[in-house]
Amino acid sequence: LILKSPPLVKTMRCMFWNVRGLGTAHRRGLVLKHVIQENLDIVGIQETIKQEFSDQEFKDMSGIVDFVWKWIPAKGHSGGLLLGVKLESFEIEQVELAGYFLGCLVRNRLTNFRFWVLNVYGPAQHELSEEFILELSNFCTSEALPMVLGGDFNLIRRQDNRNKPRGNIADRNKPGENIADMFLFNEVISHLGWTEIPLQGR
């Protein structure tokens, strides 16, 4: 999870999760469990491996809590992004469907505070990493509003992260990373003033 600009709303609760498939009721029930137990405001899911969602499937993930959902379909048997925000708290004003992220411009209904939420899924093929980083960087550079970015970046930030358990963006253990991509990723993070939030509750 990354922030561009200072903290947004102290009580906002987000979850970003590479779920590796939302095709079963059990997996959707796990999302619902987190929504209820953590009182989530924003949910970002990577690797849905689904082309479409029914109203019942959305209800499976939010229960009696009203969420509005946006998604990018999976490509065959991989990928797919889903982003939901709690309707009681937020309104989606704009949607950005990109190659490697799903972005929503969100307005807080109480304060009228506006910010972007980006659900990110970086390519597993590292020959595409530079393309991914540049797409993300170009969008963030073009937007002046604060941002929350979360997801599976499929990149590491330091070489000694290779042997650590998979967790936040600083803990990716992916074979064959290009060191140039690592440096480019860190350069973009520094240039744009992103702040990484350590993984909690794993």
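**Aromatic pairs and helix packing in a predicted model**

Trp116 is buried, and so is Phe139 (buried means under 20% relative accessible area, exposed over 50%, partly exposed in between, with a 1.4 Å probe and protein chains only). The model is predicted: local features need pLDDT of at least 70, side-chain atom pairs count only at pLDDT 80 or more, and totals for chains, interfaces and linings use all residues. Residues are numbered from 1 along each chain as its sequence is written, and side-chain values use heavy atoms, with hydrogens and water left out.

The protein chain contains four helices and 10 strands. Helices (H or I, at least four residues) and strands (E, at least two) are DSSP runs, numbered from the N terminus. Along the sequence, the pattern reads β-β-α-β-α-β-β-β-β-β-α-β-α-β. Of the 202 residues in the protein chain, 49% are buried. Contact means heavy atoms within 4.5 Å. Among contacts in the protein chain with a separation of 6 or more, 58% come from residues 24 or more positions apart.

The structure holds 12 aromatic pairs. Rings of Phe, Tyr and Trp (its six-membered ring) pair if their centres lie within 6.5 Å; planes under 30 degrees apart count as stacked, over 60 as edge-to-face and the rest as tilted. The rings of Phe58 and Trp69 are stacked, because their centres are 5.7 Å apart and their planes are at 5°. This pair links distant parts of the chain. Phe58 belongs to helix α2 (residues 55–62) and Trp69 to strand β4 (residues 67–72), 11 residues apart. Trp116 and Phe139 form an edge-to-face pair, at 5.0 Å centre to centre and 90° between the planes. Trp116 lies in strand β8 (residues 114–121) and Phe139 in helix α3 (residues 129–142), so this pair ties together parts 23 residues apart in sequence.

Ring pairs also join Phe53, Phe58, Phe67, Trp69 and Trp71 into a cluster. Lys50 lies over the face of Phe53, at 5.4 Å from the ring centre. A charge sits over a ring if NZ of Lys or CZ of Arg is within 6 Å of the ring centre and within 35 degrees of the ring normal.

Helix α3 packs with helix α4 (residues 179–192) at an angle of about 5°, with the axes 10 Å apart. Axes are lines fitted to C-alpha atoms, for helices over the stretch in contact, and angles run from 0 to 180 degrees between N-to-C directions. The angle makes α3 roughly parallel to α4 (under 35 degrees; over 145 counts as roughly antiparallel, 65 to 115 as roughly perpendicular and the rest as oblique). From α3, the contact draws on Ser129, Glu130, Ile133, Ser137, Cys140 and Thr141; from α4, on Asp181, Leu184, Phe185, Val188 and Leu192. The residues of this contact divide into six nonpolar, three polar and two charged. Ala, Val, Leu, Ile, Met, Phe, Trp, Tyr, Cys and Pro count as nonpolar, Asp, Glu, Lys and Arg as charged, and the others, Gly among them, as polar.

Asp66 lies between α2 and β4 and is exposed, at 54% relative accessibility. Asp66 touches Val85, Lys86, Leu87 and Glu88, not counting residues up to four places away in sequence. Ile49, in the loop between β3 (42–46) and α2, has a positive phi near 50°. Ile49 is partly exposed, at 32% relative accessibility. Asn154 also has a positive phi, about 55°. Asn154 lies in the loop between β9 (147–152) and α4 and is buried, at 3% relative accessibility.
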